[in-house]
Amino acid sequence: MFLLFGLVARREFFIRQRDASQYSSVDVYAAVEILIVGITLAVILLASRYQNLLRTVPRYSILWYVTYLIYCCVASPFSYNTFYSLFFAGECLSQILVCFVLVFSARNQKHLFERLLWCCLVVTSLSVSFKLARNGLGGSLFDYKSNGGGACACISTTFTFTLMWSESAFRNSKLAWTTVVVSITSLVLTTSAASIISTLFGISIASIFLGKGRGMLIGMLVVVAAAMVMNPDVAFNVLFPGKDIEQVQTLHGRTALWEQLVDMFEYKPLIGYGYA
């Protein structure tokens, strides 16, 4: 678990302090990143305590993703920035192997859920800490907007609520409630429309299928509906921070991205442009 915390810290704190055109150079931040990823891979691949677990990888669907990442490492010399692509592919490989070991070395289901809660708590805590350290406590909420952390906050919030509703052992757990509070804080600070809406849908689905938290779900829907009726502009800005009507109606952001990726795939379908 300590290795996973190190990888998360690398993502949240050791942010490159230079322009993307200078990514081939190595400064102090990049050196720390490389060191963390290198140590993580070395420990996971060389430590005898993990060897038996790693031998079971071919039994699971994770094998396809691991194979893909290894292929990305091999194909990195054909990318625009060999070492940058190699580093990112290696980092993702270390992350997925750490998560695999973390899950399959748990003593039982309760121990596994506790580990996952700690992961959610640490990831979202580091995200919140980084945003507060960068922007302070003053200013507009939109000053904290970032593409990083939204998906993690969404998954963490939905997972923790679902766990508390489905497992009686976690309903009054201090760890679970702390994770909920920190995850929601992280979600709000991302001001990510996709993450916020996905969380609302995720919690709603969990509530309906588990038959729990219906009072909270109804209350949440009433508040959203009342806000839309009483002050639609404010409600729109809360659900779609930083967006305008045209962007929401067309949803062209992801469409344009996929169109660009399809065009790139046509030129280099096998080797690609490097993992990054």
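Modeller: Of the 276 residues in the protein chain, 37% are buried, where buried means under 20% relative accessible area, exposed over 50% and partly exposed in between, with a 1.4 Å probe and protein chains only. This is a predicted model, in which local features need pLDDT of at least 70 and side-chain atom pairs count only at pLDDT 80 or more, while totals for chains, interfaces and linings use all residues. Residues are numbered from 1 along each chain as its sequence is written, and side-chain values use heavy atoms, leaving out hydrogens and water.

The protein chain has 13 helices and zero strands; helices (H or I, at least four residues) and strands (E, at least two) are DSSP runs, numbered from the N terminus. Among contacts in the protein chain with a separation of 6 or more, 68% join residues 24 or more positions apart, a contact being heavy atoms within 4.5 Å.

Now to helix α7, which covers residues 150-166. Its 17 residues reach 24 Å from the first C-alpha to the last, close to the expected 24 Å; the expected span is 1.5 Å times one less than the number of residues. Buried residues in α7 include G150, A153, C154, F161 and W165.

The partner is helix α8, residues 174-190. The two axes come within 8 Å and cross at roughly 150°. Axes are lines fitted to C-alpha atoms, for helices over the stretch in contact, and angles run from 0 to 180 degrees between N-to-C directions. α7 and α8 are therefore roughly antiparallel to each other, a label for angles over 145 degrees, with under 35 roughly parallel, 65 to 115 roughly perpendicular and the rest oblique. Their crossing is left-handed, that is, the near helix is turned anticlockwise from the far one by less than a right angle, whereas clockwise would be right-handed.

From α7, the contact is made by G150, A153, C154, S156, T157, T160, F161 and M164. From α8, the residues include A176, W177, V180, S183 and L187. By class, this contact has nine nonpolar, eight polar and no charged residues. Ala, Val, Leu, Ile, Met, Phe, Trp, Tyr, Cys and Pro count as nonpolar, Asp, Glu, Lys and Arg as charged, and the others, Gly among them, as polar.

Another pair is α4 (residues 62-75) and α5 (residues 82-104), packed at about 160° with axes 8 Å apart. That makes α4 roughly antiparallel to α5, and the crossing is left-handed.
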